[in-house]
Amino acid sequence: MPSETVKLTAKFKLKTEPEGLEDLFSLYSDIVNFLLDYAFENNITSFYRLKKETYKGLRREYPDLPSHYLYTACQMVTSIHKSYRKRKRRGKANGKPVFKKQVIMLDDHLFKLDLDGGFVKLSTPGGRLELEFYPAKYHEKFRGWKIGQAWLVKNSKGSFINIVFSEEVEVREPKAFVGVDLNENNVTLSLPEGDFIQIITHEREIRTGYFLKRRRIQKKLKTGKKRKELLEKYGERERNRLNDLYHKLANKIVELAERYGGIALEDLTEIRDSIRYSAQLNGRLHRWSFRKLQSIIEYKAKLKGVSVVFVDPAYSSSLCPICGGKLSPNGHRVLKCECGFEADRDVVGSWNIRLRGLKMWGVSVPPESQPMKTGGWKPTRYEINTLHTLYG
């Protein structure tokens, strides 16, 4: 069977901040900002060039600093500078980039994780620091996984080390694909037998509710600590609620796809660049974390040996899956083709996604010949409460 790599990041909250860690954050920030200025002034986006031109000077200035901190700083800077240049081309950045966060990028030469002991050993200019963390149940699943890079992070909630783990998994050849159409308020699945399932997520209502709550706080409290605390509080509640929703959705989708071996998703990486609707709709779509849901579906599928493909989303909800013709509106959310096909637009989207997944896999897709029904194709609908019953 072919194998693929699954990468997941685990968060470890530190119990205390050892003496010397604050100085390390400050030193690393100074180095990153120096490199950012250098990269900006010399228009450098290459890690190798930046390291070549700055390493010796920085090594002389910081002889006690483990050398790999300079490597990771160069990696961070080239990534930040590339992102800055991209945002500037779109008119979303001015001036020059500045690094303000308390974040240190670590490679596997700078730290060693001890899951049994509950600590991380970190190399610093003053020697090894032992960082104790609070153990969590989900940490146990990473036993035996390969340890990659990590980020040491300090924020208002404390200090954390976020470690990237990777695992090689066997992914079997799919017999068929489940087409998954992600929408603001539902997920529609096209199954190979011709059935359709629609899971009502209520995500739009959740996001809109928290957006309005934050806006009321912003209008009532213009400045101050209380304003910041309330915004952070409700922002975290929203993230936690949606994260729980995404994991339950992904579990259900992967469970349905296991018998077929394949999932087809739309490649939506550039969708935000093409959004040109009203200000209100633009705001809603920009708050929609579709890519996060896709990434959760992808890694959960691979861990179960299910293949995932990403297909071109163009016209997936406007072309007939029977004959390929242009569909026309025929009532609320219903589309109709001259060939006689009629269906809900989300059904059309998931159907076309499934067919494109098959084509990407090299399968010759014949014209569909399912019997037409008066009123069009309609999916079986499940409320999100079904997922709470199954997985809550």
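Colleague: I am looking at helix H5 (residues 225-257) and helix H7 (residues 290-303); at roughly what angle do their axes cross, and within what distance do they come?

Modeller: Two packed helices are described by the angle between their axes and the distance between the axes. In this predicted model, where local features need pLDDT of at least 70, side-chain atom pairs count only at pLDDT 80 or more, and totals for chains, interfaces and linings use all residues, the axes of H5 and H7 come within 9 Å and cross at roughly 45°. Residues are numbered from 1 along each chain as its sequence is written, and side-chain values use heavy atoms, with hydrogens and water left out. The axes are lines fitted to C-alpha atoms, for helices over the stretch in contact, with angles from 0 to 180 degrees between N-to-C directions. The helices (H or I, at least four residues) and strands (E, at least two) are DSSP runs, numbered from the N terminus.

Colleague: How do helix H1 (residues 21-42) and helix H2 (residues 47-61) pack, in angle and in distance between axes?

Modeller: H1 and H2 pack at an angle of about 135°, with their axes 11 Å apart. That makes H1 oblique to H2, and the crossing is right-handed. The contact includes Phe-34 and Tyr-38 of H1, and Leu-50 and Leu-58 of H2; its residues divide into seven nonpolar, two polar and two charged.

Colleague: Turning to strands, how many bridges join strand S1 (residues 3-13) to strand S7 (residues 158-170)?

Modeller: Two strands pair if DSSP finds at least two bridges between them. S1 and S7 run antiparallel and are joined by 11 bridges, and within this pairing Ser-3 has Glu-170 of S7 as its bridge partner. Strand S6 (residues 146-155) also pairs with S7 in the antiparallel sense, over eight bridges, with Ile-147 opposite Phe-165 in S7, and a hairpin of two residues joins S6 to S7.

Colleague: Which strands stand at the edges of the sheet that holds S13 and S15?

Modeller: Three strands form this open sheet in the order S13-S14-S15, with antiparallel pairing. Strand S13 (328-329) and strand S15 (342-344) stand at the edges, each with a single partner strand, so one side of each is left without a neighbour in the sheet. Strand S14 (residues 334-336) is joined to S15 by three bridges, and Leu-335 stands opposite Ala-343 in S15. Helix H8 (residues 345-360) lies across S14 and S15, running at about 95° to S15.

Colleague: Finally, is Asp-195 buried, partly exposed or exposed?

Modeller: Asp-195, in the loop between strand S9 (186-190) and strand S10 (196-200), counts as partly exposed at 46% relative accessibility, since buried means under 20% relative accessible area, exposed over 50%, and partly exposed in between (1.4 Å probe, protein chains only). Leaving aside its neighbours within four places in sequence, Asp-195 is in contact with Leu-189 and Ser-190. Asp-195 and Thr-380 are 185 residues apart in sequence and 8.0 Å apart in space, C-alpha to C-alpha.

Methods
Parallel < 35°, antiparallel > 145°, perpendicular 65-115°, else oblique. Left-handed = near helix turned anticlockwise from the far one by under 90°. Contact = heavy atoms within 4.5 Å. Nonpolar A, V, L, I, M, F, W, Y, C, P; charged D, E, K, R; others polar.
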